[in-house]
Amino acid sequence: MSEAQVPSTSEDFPPPILVGGRENLGGLVAGVLGLLLLSVVLGVVMPGIPEPGNGVRSSAIGFSAAAQEGRQIYLEQGCGSCHTQMIRNVVPDFGLGPVTLADTNQVIGYRRYGPDLAAIGDRTTDQAVLLGILRGADGHPTVSAINDDEFANLTAYLMESK
Amino acid sequence: MEAISTGDRESTPGLAETADGRAIGYEGVAVGYLFGSAAFLAIGSLVWLAALTSVRFPNLLPFSHGHLRPIALTLLGLGWIVLGLSGGIYHVLPRLTGTPLVAGRLAQLALPGTVAVTVVGTVVVALGWGDGREPFALPQWLDVPAVALLAVPALVTLGTLRKRHERSLYPTIWFVVAAVVWLPALYLVASLPGLNRLISTLADLAFSYGFFHVWGLGLATGLAYYVVPKAAEQPLASRQLAKVGFWSLAFGAIWSGAAQMVAGPLPEWLQSVAAVLGLALPVAAVANATNIALTIGPRWRRITAEPVLAAAAAGAAFAALATIFGAIAGFRSAAVIVSLTAFWDGLFYMTTFGGIVLLFAAFAWHVLPNMVGRKVDAGRAMTLVRRNIFFASMTSLFLLVAGIATGYGWVGGAFTGSYTAVGEGWTQTSGLSGVLFGLAILFGVGALIAQMGVALSIYRVLTSGRATVQEVLVPGSNDRE
């Protein structure tokens, strides 16, 4: 601090740099909140409302109790970070299975670094193959933090995903 | 028009005050938040690189991508970005309002609280107890304290603004208000139980992109509006352009999320809305970048030697580029190829490690010396800016290209049938993108070193560097009257 040149009076200060304007704070807060509300209604609430005009179709799967447990493990292990369960009506997804509809109860996922698993139960009929992959085959990371029962539930979820 | 001015004067360390001796708040709060955030920047960057590595080399690390990704996002989001930019808010609020922080003690207490939630969150997710929902995957019992802690900046900001002495509002305040109001509200929406899978995914994506665009990029831009005019000794070039930048950002903030699901199970109208409103983001980012460049304008030659100006300009340019690519990727024809691929992680990298890191660095390098009393080494900081620009650009570029290659690989795979296979067949279709991903990781190592350098430079103002004066407020025009 001792090296510094310290202005002694307010006249030594530089002219104002940050120049504000007269604005209504309440209007700003209301505008921000209004846009937030609009975004949430438009982007999150309304897509959940069925559209009778399009015909309400269901892609919800009636999972067994074990498969529902398995879905929870699928979520906890972060499988959705690499796998989608969403087949789109586009060329790259041809051959994967039936197109995913709006009300799926599978884990849609966020990236597809590994294969899509929406119809995995149709594409892999051998549960042992699936178990092998979960234990590190074919370049899949080893899922080691879960016990045998949890493995069984997880594979049940995948086998019933179709 | 009102004027708010700042000046330099010796003062009690850790306590900012007006020229007439009126204390304006807990200066130590801002310092604590900034230092805390720097540690999370370093750790979060490391874990994010590990998360990228785990995609290419799945069994190399003890944790899978499914664990590393949310851990990295928690460390970067809750740890670095929330703490760092909260510190920014607590620094600028007293200066722009001429008022002590309201509930400054609460802000002080929220620091260890946020650190605790971040650390516990990473441990819980690592143990496999997360809920698997992006961005943080925190279980519901941790969402409650997280939302409460994220509401603290809103309480402090709105309380301080209500009691402000300075009646005029500087543009930085707009971005601060939007960030503090949106963050806890969006988090709350994304944490609501009982949503079906599609809606919960949409809510997660809306929160993730709202978080990184409004709280991260938006607030960092707002703070750049505070430091750039001061560093360039020029008033902000255009208040109108700042308005365009601000309101466009608020319009477009969450729509990049839904744009990732274009061609998926969304209503047709939502796909169009997401693509069109997503166009507001590049408008915002380009307006803000232009405004920052025009403000630096007459002092443009100083940009090669002045790290604050260089980092702010580069950060704003990264933001503009990332949002332009993001808007293009939201249209159906592009989304068919790049949705769900590494392309979006490239955009995230460009936004976060290009845009937000540099804007954060510009802010911290400008304000910390004024609070702590030691100058940042300009030469070293300029080197960090250059390295960040180069390595973040290259890492983002290879991730973007890897994403495009993956998308085209899927199209080819759909015709050959190999893509529908689950194990070996899938691995075979990802050859080219795997190489590109590997290159991204390679440049990511250089970027990590640069990001750690930024974190270290923040701590160095405590231990080295020439002494400088500490900044305090002097009366604005209202106070003089």
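## Cavities

A cavity here is a set of grid points where a 1.4 Å probe fits but cannot get out. Its volume is the space filled by probe spheres set on those points. By that rule, the largest cavity in this predicted model has a volume of about 270 Å³.

The lining of the largest cavity has 25 residues. Nearest its centre lie Tyr209(B), Phe212(B), Gln260(B), Trp344(B) and Phe348(B). Four helices of chain B each supply at least two lining residues: H2 (65–97), H6 (197–232), H11 (307–329) and H13 (342–372). H13(B) gives the most, with six residues. The lining splits by class into 12 nonpolar, nine polar and four charged residues.

## The A–B interface

The size of an interface is often given as the accessible area lost when the parts come together. Chains A and B bury about 8000 Å² between them. Carbon and sulfur atoms carry 68% of that area. Chain A brings 76 residues to the contact, and chain B brings 107 residues.

Three salt bridges cross the interface. One of them pairs Arg111(A) with Asp345(B), whose closest N and O atoms are 3.1 Å apart. Polar contacts link 12 residue pairs between the chains, both partners being at pLDDT 80 or more.

## Chain A's side

Strand E1 (18–20) and helices H1 (25–45), H2 (65–76) and H3 (120–123) of chain A each supply at least two residues of the side that touches chain B. H1(A) has the largest share, 13 residues. By class, this side of chain A has 40 nonpolar, 24 polar and 12 charged residues.

How values were computed: Residues numbered from 1 in each chain as written. Chains lettered and ligands numbered in written order. Predicted model: local features only at pLDDT ≥ 70, side-chain atom pairs only at ≥ 80, totals over all residues. Heavy atoms only, no water. 1 Å grid on protein atoms, 1.4 Å probe; cavity = no way out; pocket = protein on both sides within 12 Å on 5 of 7 lines; lining within 4 Å. Nonpolar A, V, L, I, M, F, W, Y, C, P; charged D, E, K, R; others polar. Contact = heavy atoms within 4.5 Å. Buried area = accessible area lost by both parts, 1.4 Å probe. Salt bridge = Lys/Arg side-chain N within 4 Å of Asp/Glu carboxyl O. Polar contact = N/O pair within 3.5 Å; in protein donor to acceptor, adjacent residues only side chain to side chain.
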